[in-house]
Amino acid sequence: MSPDGAAEHPLFGLARAAQPGGDVRTSASGPVDSPAGGNRLSGPLADPSAEAGYSERHPERMGFFTDTSVCIGCKACEVACKEWNLLEEDGLDLTGMSYDNTTELGATTWRHVAFVEQRIDPSTRARVDIGMPGMGAPSTTPEEGADSDATEVRWLMSSDVCKHCTHAACLDVCPTGALIRSEYGTVVVQDDVCNGCGYCVPACPYGVIDIHPDNGGAFKCTLCQDRLGSGLAPACATACPTESIQYGPLDQLRQRAEQRLEQLHEQGMTEARLYGQDPTDGVGGDGAFFLLLDEPEVYGLPPDPVVTTRDLPAMAAHAAIAAATAALTVAACFLGGRR
Amino acid sequence: MAEAHPVGFQWVMEAKRRGAKVIHIDPRFTRTSAMADTFVPLRAGSDIALLGGLINYVLRGGHYFHEYVAAYTNAATIVDESYADTEDLDGVFSGFTGSGYDQSSWYYQGARINPAAGERDQWNDVFGSPDPDRAASEGESTPRAEPETDPSLTHPRCVFQILKRHFARYTPELVEQLCGIDRRRFHEVAEALVANSGRERTTAFAYAVGWTHHTVGVQYIRAASILQLLLGNIGRPGGGILALRGHASIQGSTDIPTLFDLLPGYIPMPQAHPNLSLDGFVATNAADKGYWGNIRDYVVSLLKAWWGEYATAENDFRFDHLPRLTGDHGSFRTVIDQIEGGVRGYFVIGENPAVGTANAHQQRMGLANLDWLVVRDLNMIETATFWKNGPEIDEGETTPSEIGTEVFFLPAAAHTEKDGTFTNTQRMLQWHHKAVEPTGDQRSDLWFFYHLGLRIKSKLAARRFERDARQRERDRPVLELTWDYPTEGEIAEPSADAVLREINGTDADGRALSSYTLLRSDGSTRSGCWIYCGVYAGEINRAARREPGERQSWVAPEWGWAWPANRRILYNRAAADPQGRPWSDRKAYVWWDAEQRRWTGHDVPDFDATKPPDYLPAADAHGPDALRGTDPFVMQGDGLGWLYAPAGLRDGPLPTHYEPQESPLRNTLHSTQRNPARQLYHRPENRYQPSGAEPGAEVFPYVFTTFRLTEHHTAGGMSRWLPHLAELAPAMFFELSPELAAERELVHLGWATVITARGAIEGRVLITQRIRPLRSNGRTLHQIGIPWHWGPNGLTTGDAANELLGVALDPTVHIMETKAGTCDIRPGSRPRGAELGTLLATYRARAGITEDTGTEDSPSAADARYPDVSDTDGGGDES
């Protein structure tokens, strides 16, 4: 099969891409398209689809920009996601975590809206309490009887989703090739290939992918792979009434996010920041990134995620050096012994 | 708005993106508050005090739009000298009879005027004491009289001066005292409002049932109207007062009403005056000036649409076929009649009163005392199963075998399974196409009523020889009714398109009419709803238009169709100054083109297109012709915006702060505690609680307000059965502050019981800093938020908030008060069985509740003048 043949046939491209392990191995020998000066498990990577073996004619990398500053917490994304992807209801539990009764992403929840209630000082916009997601009841105001205007309530809402990492550890560790890089640069699980080994679960630096308790397979957001080919946007982005979830070519989304950030900063919302848009971060940038109004931890997001396979080459090198050292030592012993 | 109207809220977010300041005023910090630039918490039920404070701020500081106010409102009109204000009479207006108001002292000096809405039948004013002979002989209304005015606005009895005196005591200090809003926040709101109003800028108000579900609900909206008129924010782009309707097409169901006292297009239902003829009806309901002057065209066209060839000039166009109101036929009255054995059958369609209507226990008592009950719904709602698993069964109050009601449950088709229109907040009709066929026995409402009508007609026709003369006369309105819609498909679904065309109306040749101005009273035109005339202009279903925004002007006239005449902003003549020029370039919308000699602009002008700004009517002019070229409010009897309402309201010409029916506070503004004209029902299952300083009020020390969540819809009939919604809001809960939790030892996620004189319900405790105690009238006041989506059926179940509410109504539109009440709360689940009744009896005894409690300074129900139905938004399902 020639590479040209792959370009003509998208399915072939998928099949090629379904062998990430092979790609990783070839990368160790230094192919021409590997990122300059870096290994292929971390660092900036302009085109993950090409790196996965898709021809030059593959579509642009698509992604999500979730602007939490306009999220109204309606959860239409959660419902649209479950409806389109035929995900079942997974628990009628009142959690007490503000209006969040979903709690986390999982095998049957691919969008999750977090609700964070905080006290802030309106003059400085600084947090009075951190308002991390938690199970407990909020305490009464620290200074009882103090001027009631010293603090105001801020209610943060944010729709979380699979980050579709540039360097996806889940994909890297998958032994069956069930996890693939799609032609859109997204990361997709093929449930008919997955054997349920679960290696991907601890590999994910965000805790996104999950094993389904009933059928044992791994599941997560596909960025609605089955809609993209028909020119449809993902279900969540389509349902979002306030354009908090924006879908599009990742390059455009990154530009738009920078503009939005600048606008918010001009409006005095200096606490606004982007999360996951930076190609130099620990996962090479996310395909689904966010505009947040507080530290990532406040939303339940890791502050400095790193692809868990980043250090594999170094570990391998260290192991090789260690083995060589051991071998030399042993050899030296024998040689010395002869003396 | 973000909570209950998330899709509409996208436009607020869009406005915010463009620099609009969003202010949210609510007892609770909601998802809307989270998005607002400023959140202003206030005590539930105190909004008139706040709005009055803003009105006073605008008047005192001279911030009103002087030219607009002088030209377009009734500020200059002089009021009759017998008028006395609540400020003079300690909380009541002149004319209080002890059982409502005699409104004659509220009139303008020298002129009676018919209101465009509200209480409109002016029989006694037109004809004096009921006199059938005179009514029959008198054709036209009385000659037009012009009220006296003082353009300098200085006459002590001109509306402007009355307004100033009426609101003079609504100071920031009073607002702080009554609403719990501190002065700094009040000033922030007032300054933003004033800075954002005038020639260059406009401000919009959006409200939902948080403003209407009160015993002074209409007066809340009146207060907002006064403020917006003073600021010049009506009839202009970016201005207005937007009623966010509670369900899809609730606007449609008031336009073509499910209300007992209205006909389509806001034509009043005739009252049962002796020998009322069409002439008499027109004389008592028409206005001398403005478009209500043409009411005869609208009524005759409606009668022709309904009775076709049977309606002729000789038989008064079958005006006698219309029902007559003999009194209260509203839903609360009807349910009481059911309990008393006066009602045999009941249709419940798209409502769930067993859990969704105030005093749900009372509703179920009515349901349990019928011969038959038809429930049409998507799911097996509580109204269909009350007889086997209602609270009365669970608590052992009654048993299924004791309930004689035969219940028919008929599955309904969803909106995706039928064609039709939605008419929403901005009066816009949007067509929805059937996506899939209904399955099984599911049928559309249109199918149900059409085929039911066919069967009734054929049964009556078949039995006509068995019927005596009186019965045959009674059958005629049904037998002669136009009922000829084409059907399609296996199930013979009537064509919704044909129904819309009938509503639009046709001319003498059967062609679709293009405008209500073409309707005639000679019987040559037909129209099922005059304000919808034009939706089918040119034989095109204009509600189905979906021209994308980028392919048309920013007013987007080709998306759907807005009544009347596809106008997107009502009264838009006010967008231009009296000379017809835009108030500013920035806010140009509709203006007079002097060269073309006509009104033009971005929207369809809401004015006679060729009437110049300097037009003055002849002395004998009538209807629209009697309005000057500077009278923008074309439905009003004087063409002006009413700062003061000389007629139409049953509880006063101006809004006044009263405490809710049940309040922990004494009314400190005046000694009249509650709206003295409110409507009450004195019944054992509907006991009221003491308020303020009355003994026993301390038994119910907390304020509660009911609310909706984004995740559920109304009483849950469309959401509690859906797994993907049920899991998002999976349990009934009470939202309250950490301070109240500490005071009552309530535990986060633990159970609590809320108790009123009517009921006790349990729910989980959700402690949140979003709910803050308020300082009001010198005391700390706790508020509890109670969602009302739950009931015993469905995937997520819980107690219904409506068990708590009593029935106390606004007197003009008869909406019940659900947004402000008092209660007690304590930890733990509610008792079961007989113990529940004991608990309630204990509370009532502790509070000293008798049949007279809470009924002071109010009429008894028996004396109330036509105490009737609630607004559609609330009659059954609160929204």
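Two residues are taken to be in contact if their C-beta atoms, placed from the backbone, lie within 7 Å. The model is predicted: local features need pLDDT of at least 70, side-chain atom pairs count only at pLDDT 80 or more, and totals for chains, interfaces and linings use all residues. Residues are numbered from 1 along each chain as its sequence is written, while chains are lettered from A and ligands numbered from 1 in the order in which they are written.

In chain A, an unreviewed UniProt entry places a "binding site" at C71(A), C74(A), C77(A) and C240(A). UniProt positions follow the numbering used here, feature names are shortened, and annotations may be inferred rather than shown by experiment. The four positions span 170 residues in sequence, yet no two of their C-alpha atoms are more than 10.6 Å apart, so they gather at one spot.

C71(A) sits in the loop between strand 1 (62-67) and helix 5 of chain A. Helices (H or I, at least four residues) and strands (E, at least two) are DSSP runs, numbered from the N terminus. C71(A) is buried, with 30 C-beta neighbours inside 10 Å. A residue is buried if 20 or more other C-beta atoms lie within 10 Å of its own, exposed if 12 or fewer, and partly exposed in between. Residues up to four places away in sequence aside, C71(A) touches M157(A), S158(A), S159(A), T242(A) and S244(A).

C77(A) belongs to helix 5 of chain A. C77(A) is buried too, with 28 other C-beta atoms within 10 Å. Beyond four places in sequence, its contacts include R111(A), S159(A) and C240(A).

In chain B, helix 3 (residues 47-60) and helix 8 (residues 172-179) pack at an angle of about 170 degrees, with their axes 9 Å apart. Axes are lines fitted to C-alpha atoms over the stretch in contact, and angles run from 0 to 180 degrees between N-to-C directions. The two helices are therefore roughly antiparallel (over 145 degrees; under 35 is roughly parallel, 65 to 115 roughly perpendicular, the rest oblique). A49(B), L50(B) and G53(B) of helix 3 meet residues of helix 8 including P172(B) and L174(B).
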